[in-house]
Amino acid sequence: MIIADLKEIAGRVYPARRRTQNIVGGMSPIQCQNFAIGNVTLEPNGGQVPWHNQEQEEVYIIIEGTCEMCLGEERQIVTAGQAAYIPPGVFHQLTNVGDPPARMMYSYGP
């Protein structure tokens with residue numbers, strides 16, 4: 001059995017004030033051919049997943065905190081328990097707008 005344990009996955013810290021830990025794919029012990037999953041912690045008041053796009057559809061699931069989700073021209077506040085669908089090719093960004101750290105998980109088909 002292969003187990004990915006977030007307590008043991010150091011992940012990577014980026015200049016945009018976020019830490020990304022691969023749960024499936026990347027540096028995780030779990031490797032799948034059809035999808036990837038990750039855990040992202042955004043630092044308070046501005047930690048961010050910067051503008052980017054990709055060929056695959058993706059979902060962001062907010063686990064903790066309050067964030068602003070930008071999807072193309074749209075902007076909306078998303079909070080714990082909500083998920084945002086990101087169509088293929090659409091530029092998007094996620095920013096923590098709260099005082100505590102925010103946490104989200106992503107899933108996409110690589």
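**Backbone, strands and overall form**

Mentor: Strands are DSSP runs of E of at least two residues, helices are runs of H or I of at least four residues, and both are numbered from the N terminus. The model is predicted, so local features need pLDDT of at least 70 and side-chain atom pairs count only at pLDDT 80 or more, whereas totals for chains, interfaces and linings use all residues. Residues are numbered from 1 along each chain as its sequence is written, and side-chain values use heavy atoms, with hydrogens and water left out.

Trainee: What is the phi of Arg17?

Mentor: Arg17 is not a glycine, yet its phi is positive, at about 70°.

Trainee: Is Arg17 buried, exposed or partly exposed?

Mentor: The general idea is relative accessible area: buried means under 20%, exposed over 50%, and partly exposed in between (1.4 Å probe, protein chains only). Arg17 has 30% relative accessibility and therefore counts as partly exposed.

Trainee: Which loop holds Asn45, and what is its phi?

Mentor: Asn45 lies in the loop between strand 3 and strand 4 (48–52). Its phi is also a positive value, near 50°, in a residue other than glycine. With a relative accessible area of 46%, Asn45 is partly exposed.

Trainee: How many residues of strand 3 (residues 36–42) are buried?

Mentor: Five of the seven residues in strand 3 are buried, and the strand is mostly covered.

Trainee: Which strands pair with strand 3?

Mentor: Two strands pair if DSSP finds at least two bridges between them. Strand 2 (residues 18–24) runs antiparallel to strand 3 and is joined to it by six bridges. Strand 10 (residues 102–108) also pairs with strand 3 in the antiparallel sense, over seven bridges. Leu42 of strand 3 is the bridge partner of Arg18, and Leu42 has Ala102 as its bridge partner in strand 10.

Trainee: How many helices and strands does the chain have?

Mentor: There are zero helices and ten strands. The radius of gyration, taken over C-alpha atoms, is compared with the globule rule, 2.2 Å times the number of residues to the power 0.38. For this chain the radius is 13 Å, close to the 13 Å that the rule gives for 110 residues, so the chain is as compact as a globular protein of that length. Buried residues make up 35% of the 110 residues.
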